[in-house]
Amino acid sequence: MPLPKAELHLHIEGTLEPELAFALADRNGVVLPYAGTEELRGAYSFSDLQSFLDLYYALMAVLRTEDDFADLADAYLARAAEQGVRHAEIFFDPQAHTARGVPIGVVVDGLTRALGRSEERYGVSTQLIMCFLRDESAGSALETFEAARPYFDRIAGIGLDSAEVGNPPAKFREVYRRAAEAGLRRVAHAGEEGPAAYVTEALDVLGVERIDHGLRCLEDGELVARLVREQVPLTLCPLSNVRLRCVDTLADHPLREMLDAGLLVTVNSDDPAYFGGYVDDNFRAVQQALALEPETVRLLAANSFRASFIDDDRKAELLAEVAAFTFPPVEF
Ligand code: ADE
Ligand code: ZN
């Protein structure tokens, strides 16, 4: 059994595997511009974030009904459980669906149908985080936020994703203010492709509790010192960073230096269907590429629970499971 862990940076739409994409396309009469799953997989070669986002949004055309969203989430939760995930905080992009005429209620009802039975079926507790597309307008984010109000009992928090450069956090000040007023948790992508200043702005202007990615914080020593002092969690996604060319190779990933600096970093999969692995695959990949000691890997798993939004009792239980975990002997 893999090391128990939480996954805190996972876009549910990014778990759409080619096989499921074709099955849903058939079910919904959608024609995909690829001959089959192998040809589609062959298109997964990205030069930057935008080149990935173009394909990611295009493929969402197959997601139309409540069943589609439930099947998508079920498939992820089953795989996550196999990867040792005990708790998942799951992003979704409502605007990417409402823009295609799929009502937000269809999306939330479908996803929460799967999430609602996840503890019983897979032993994975879940929370749902609604992300706003930062390359859409602030007005669109506000409209989406208000359309989601009837579902706030099933939405734990809000996030900010999509094309980062040129879309600074401050653009979304008002929607984050309303989210805080409504008692929702707040996170945001920052410092993936965008500058360290976006990380600072997300903290100061949006009041976020966690930074998604945050890689480029390393370019600002004062910011690093603050993130260490305040123990602001950073949800790193190593395989994503390689595939989207934020780092050249996994061996160049700054995860170890970030840990050594005292940053509260976690390891996550981002969009696992597109980036070559789920969360335990990310753990194994960094363990190997950076020669991480078992105790460092254990620290990453413990950090994932520390940085999560689960209640203190369950957090203590899961941290005890991490502490008690025995690593299998190394195979040569
Ligand atoms: N949406 C899905 N994956 C993303 C990522 N890595 N960065 C920004 N937006 C995203
Ligand atoms: Zn992401």
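Eight strands build an open sheet in this predicted model, paired in parallel in the order β1-β2-β3-β4-β5-β6-β7-β8. Because β1 (5-11) and β8 (265-267) stand at the edges with a single partner strand each, one side of each has no neighbour in the sheet. From one strand to the next, the twist averages 25 degrees. Strands here are DSSP E runs of at least two residues, and two of them pair if DSSP finds at least two bridges between them.

| Link | Partners | Value |
|---|---|---|
| Parallel strands | β2 (residues 85-92) and β3 (residues 125-133) | six bridges |
| Salt bridge | Glu89 and Arg210 | 2.8 Å between the closest N and O atoms |

Ala88 has Thr126 in β3 as its bridge partner. The structure holds 26 salt bridges, each a side-chain nitrogen of Lys or Arg within 4 Å of a carboxyl oxygen of Asp or Glu.

Asp311 sits in the loop between α16 (294-306) and α17 (312-324).

As for the numbering, residues count from 1 along each chain as its sequence is written, and chains are lettered from A and ligands numbered from 1 in the order written. Local features need pLDDT of at least 70 and side-chain atom pairs pLDDT 80 or more, while totals for chains, interfaces and linings use all residues; side-chain values use heavy atoms, without hydrogens and water.

How values were computed. Helices (H or I, at least four residues) and strands (E, at least two) are DSSP runs, numbered from the N terminus. Axes are lines fitted to C-alpha atoms, for helices over the stretch in contact, and angles run from 0 to 180 degrees between N-to-C directions.
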